[in-house]
Amino acid sequence: MPTVDIDPDELRELTGREEKGDEELKEDLFGLGLEFEGRTEEGAFELEFAPDRLDRLSVEGVARSMRYHYGDSRGVYVPSTNAAEWTIVVDDSVPDERPYVTGAVVRNVDLDEEGLESLIQLQEKLHATMGRKRAKGAIGIHDLTMMKGNPATEGSPTIEYVGVEPDGDRFVPLDSDQELTPAEVLEEHQTGQTYADLVSDYERYPAIYDELGLFSFPPVINGRRTEVSTDSRDLFVEMTGTDQWTIDKMLNIVCYALAARGATLESVTVEYPDGDSGGRELVRPDLSTKTKTVAHGRIETILGIDLGSEEVIDLAERSGLEAETEENENGDLVYDVTIPPYRVDVLHPLDVIDDLGRAYGFNDLEPKYPDVGTVGGRHERSRLEDAVRTQLVGLGFEDLLNFHMISEAENFDRLEIAPDDDVYGAGDPPTIKGPYSEDYTMLRTWVTPSLLMVLERNTHRAYPQDLAEIGFTAAVDDSENTGVAERRRVGAVLASHEAGYEDAKARLQALARRFDVDLETPPTDHPTYIPGRTASVVIDGEEVGVIGEVHPKVLVEHDLEVPVAGFEFDLEALR
Amino acid sequence: MQLKESQVAVLETASADEATSVDAVAEATDLPPETVTGAVFELEEEGLVAIEERVDETISLTDEGVTYADERLPEIRLYEAAVDAGAADEPAQMGQVIGASGLEGAGVDIALSNYARKGYGSIDSGEITADPDADSASDAEANALETLADAEETAADAVDVEGDVLDGLERRGLLERSESTVREVTLTERAVTELMAGIETAETVGQVTPELLTSGEWDEVEFAEYNVEADAERFEGGRVHILRQTAERVKETLVGMGFQEMEGPHVDADFWINDCLFMPQDHPARTHWDRFALEAPTHIDDLPDQLVADVERAHREGVGEDGEGYHSPWDEEFARALALRGHTTSLSTRYLSGEQIGEIEPPARFFSVEKVYRNDTLDPTHLLEFFQIEGWVMAEDLSVRDLMGTFEEFYAQFGITDIEFKPHYNPYTEPSFELFGTHPTTGELVEIGNSGIFREEMLAPLGVDCDVMAWGLALERLLMLMYGFEDIRDIHGTLCDLKLLRETEVTY
């Protein structure tokens, strides 16, 4: 789970609750669903957050939630925004893959070291979550005083979002002294290398220009010229991405965080070119609220309690929402609930009910067993599996439970078979894409390899080791909808100084008798077993498995010093 | 005739001509003396031997006697010191003589009380005289001690010492007499006759055999005694895997609570695993490295067209008048990609959609205890494959209280009564709760599951228009809480330790 670092002193300052001790703060944070994980080297709280409330990715957002939690704030707050001076003009050349941009001007910022760090952290956390590692949305924050707007036609400064040649204009990126082209940034600059994959397939690279030239190469890196420091007083925030809604919401979260530190917001106009979007003109940030209609009855059934409407309105206000009672067309009591612009997680009225539940305190609800009558029962396959397992245990086998994933070497090579051999156990295995461990690269095609691995790991344990597993196996099969035939197989091995074919056969016979099936064991060849001591398992006339004494070559390969006899067959055969 | 082995051994060792002691027979036959004694009495009852009993008296020196045999009697040491001090001629000072004799403590009193009695001289007013005619070398008691000191135990009639001397020494506590019964056996005429006719050994019986039972011989034979206290050879026998046992108990419990078991593919399309769960296609969990995508085969053949369209609409537009969709891309090809299921909620979506067993009418309860796959780092509490206890209840108007009540009831069946709920976020449930339990040995709070009420955006495309509350619980975590295991790798998979599996206590 992702974490966010919060300085407790800043939290106390921003909540206005200077008297709260660290322990008390931790408890209050837990109440919001922010779990204390530990402290950073600098003493900040590391808090684990669930990825719904992305408005809590910085101390400012957490403090806002805390004030609602304490009852110090109520209802919806929207900061005021001054009229737009700056315009972002989107050029036709902008890459089709990343057409959207948004922005805001933030003035009278007074950031100390902590404030700047918090802003950087918020930027990083938003990139990691909503921004999908900058693929969906990337943030650039600039020192406005270092920017020079193009002389605008209507007297307002403009900057341009354009698509550029990878090897076109040069600029000095952050953390560098060199003038580099965008393509050189991707090759030579550390941050460039990290995010190269996001744009390297583009014909033209995204770039933002002011009158002085290229100053931002989204989503990769900003230019050094407009770097933000604690001396910066006015900021320009721009975001580019693949979805307008996403970057607008990210912008709202950043604006709210800066406004909480006393900054003034100023709109920016975004002008899209004529074309698909039809020369749209947007004014951003979009701090308009949304409304969800929530039925009173639904709140009561979800929470399982009766509530008065005053109480619902109170819970809403304590959640940073506002609720007004209404009557819908059926005459039922509903609420028009106002959702503030920093919330990204409210898709449906149910999400409002969750907020109300949290404000009420889910843990204050009395659990009750649902008054719903149903009849229980087992699946037939699972009953069969159980019945066979009970018989195997009765026959003296220790029941095992192994992994379904295995490696080619374990499943095939070490048992002397190949996937395309025409023997029981072979088969085309479903394989894992880009496996992390070479021990788990495919699904096993049979169970016996797992049983031999267990024998191999337990040579220091007492014999006899009579092991059995009713196990999942899989093979590629075009006739299945998923392309995979999934089968349960009954595998068994007998390992002891006296183990032999007859011991295995005796047990197999017992199983066959108990399930009233006809068993035959005609001789066969199978590389895993000793020639002349290997047979097919034929049940009710169908070849469904193999039985034999394991070949010494396989035994030695598994470091075994005792003979092993065993069998494996399809569970379905006993049906 | 037929006799027991021990009886035959006695008959073959004893003779008709001379009496043989039990000890001698025991030594010759290598049987314990008590076994021979038992056999001898049994044989006497059969009239095959005659027993002569006598009581043997043996003499042995006490520790004090042994000391004096070594250091000589105190009165003799006093006499010799007195002679050396010239007390044969005129009385000598007691103190000096005792000092010279080297006697100390009780030895002084013993010397003084026997000195005059045995005629070595007299003691008077602190002075001692020695009889010049007394002969300490021929002291009968001293000589007797010397004789007896050679053997630890001597038969009384074999000692060449006067009876009254022995009595005297016994009184002084220097020797002990003890009595023991000695039995000697002689074969009777009948035994001789029988021996000549031949006696078979009725072996002691180790195994009760069918012959023994049918012939009635069991009544005649003797059953060999076993060392019933010794440890027997180790036996393991069959046993259901401990995790499987727990799974079975869970299934039994849920069936008892009215749940029907689900079943379905391990390799499944992302559509069933994620899209039907209203997981946006660009959700980190779907591109995250913890997913096991398949290299081969890659895509499912068929998905139900209508359902695909409905799911896509829910993702794009949301559900209901006030609903909003995700601002994320949605692509059917992406949904058709195959993976090892990361949760068994894929079974729930298949069942809820009506694709698996047809439409399900509320109220209904379904469950599965099946494997799921996560490409996580293998550590003591995380496996790449583990069991998920999937469950859901479909009914009108379910509440979070019903959800909590169901868990309390379920975990109480396993003796776990301190479940904690933490409000949580899942893309497919709202409200959502994580469940925690306390580890019995480490005392740590362990996450044991995730739960919630399915969102309408998930249920509406599946065609469900009532409430469904659902959960995924970790079976291995339940096992840890029940048994106190700390490393789950010992239990599950090919790294398992047979010893642990064999020795884990049975619970019920």
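User: How do the residues that line the second largest cavity divide by class, and what makes one of them charged?

Analyst: In this predicted model, the lining of the second largest cavity divides into 4 nonpolar, no polar and 6 charged residues. Asp, Glu, Lys and Arg count as charged. The lining includes Lys249(A), Lys290(A), Lys292(A), Arg343(A), Asp345(A) and Glu324(B), so these belong to the charged class. Trp245(A), Ile339(A), Val344(A) and Val346(A) also line this cavity, and they are nonpolar because Trp, Ile and Val are on the nonpolar list.

User: Which elements give two or more residues to the lining of the second largest cavity, and how much space lies in it?

Analyst: The elements are helix H7 (244–259) and strand S14 (290–295) of chain A. About 80 Å³ of space lies in this cavity.

User: Why is a space called a cavity rather than a pocket, and how many cavities are there?

Analyst: A space is called a cavity because a 1.4 Å probe fits in it but cannot get out, whereas a pocket is open. By this rule there are 4 cavities of 30 Å³ or more. The largest cavity holds about 180 Å³, so it passes that cut-off. It is lined by 20 residues, with Glu385(A), Arg488(A), Arg244(B), Glu370(B) and Phe387(B) closest to its centre.

User: What makes up the lining of the largest cavity?

Analyst: Helix H11 (380–394) and strand S21 (465–476) of chain A, with helix H12 (242–256) and strand S14 (364–373) of chain B, each supply at least two residues. H11(A) gives the most, 5 residues. By class, the lining has 5 nonpolar, 4 polar and 11 charged residues.

User: What lines the second largest pocket, and how much space lies in it?

Analyst: The space is about 590 Å³. Of its 27 lining residues, Ile120(A), Gln123(A), Arg134(A), Leu174(A) and Asn222(A) lie nearest the centre. Among the elements that give two or more residues to this lining are strand S6 (137–143) and strand S11 (235–241) of chain A. H4(A) gives the most, with 6 residues. The lining has 13 nonpolar, 9 polar and 5 charged residues.

User: Why is the link between Glu10(A) and Arg261(A) called a salt bridge?

Analyst: The closest N and O atoms of Glu10(A) and Arg261(A) are 3.2 Å apart. The cut-off is 4 Å, between a side-chain nitrogen of Lys or Arg and a carboxyl oxygen of Asp or Glu, so the pair qualifies.

User: How do domain 1 and domain 2 of chain A meet?

Analyst: Contact involves 14 residues of domain 1 and 14 residues of domain 2. The two bury about 1,200 Å² between them, 58% of it on carbon and sulfur atoms. Leu54(A), Leu57(A) and Glu60(A) supply 43% of the area that domain 1 buries against domain 2, more than any other three residues.

User: What makes Arg381(A) and Glu263(B) a salt bridge, and how many are there between the chains?

Analyst: Their side chains meet at 2.2 Å, N to O, so the pair is within the 4 Å cut-off and counts. Between chain B and chain A the count is 18 salt bridges. In the interface, 102 residues of chain B are in contact with 93 residues of chain A. The buried area is about 8,500 Å², of which carbon and sulfur atoms give 55%.

Technical notes. Residues numbered from 1 in each chain as written. Chains lettered and ligands numbered in written order. Predicted model: local features only at pLDDT ≥ 70, side-chain atom pairs only at ≥ 80, totals over all residues. Heavy atoms only, no water. 1 Å grid on protein atoms, 1.4 Å probe; cavity = no way out; pocket = protein on both sides within 12 Å on 5 of 7 lines; lining within 4 Å. Points joined across faces, edges and corners; volume = space filled by probe spheres on them. Helix = DSSP H or I, 4+ residues; strand = E, 2+ residues; numbered from the N terminus. Contact = heavy atoms within 4.5 Å. Buried area = accessible area lost by both parts, 1.4 Å probe.
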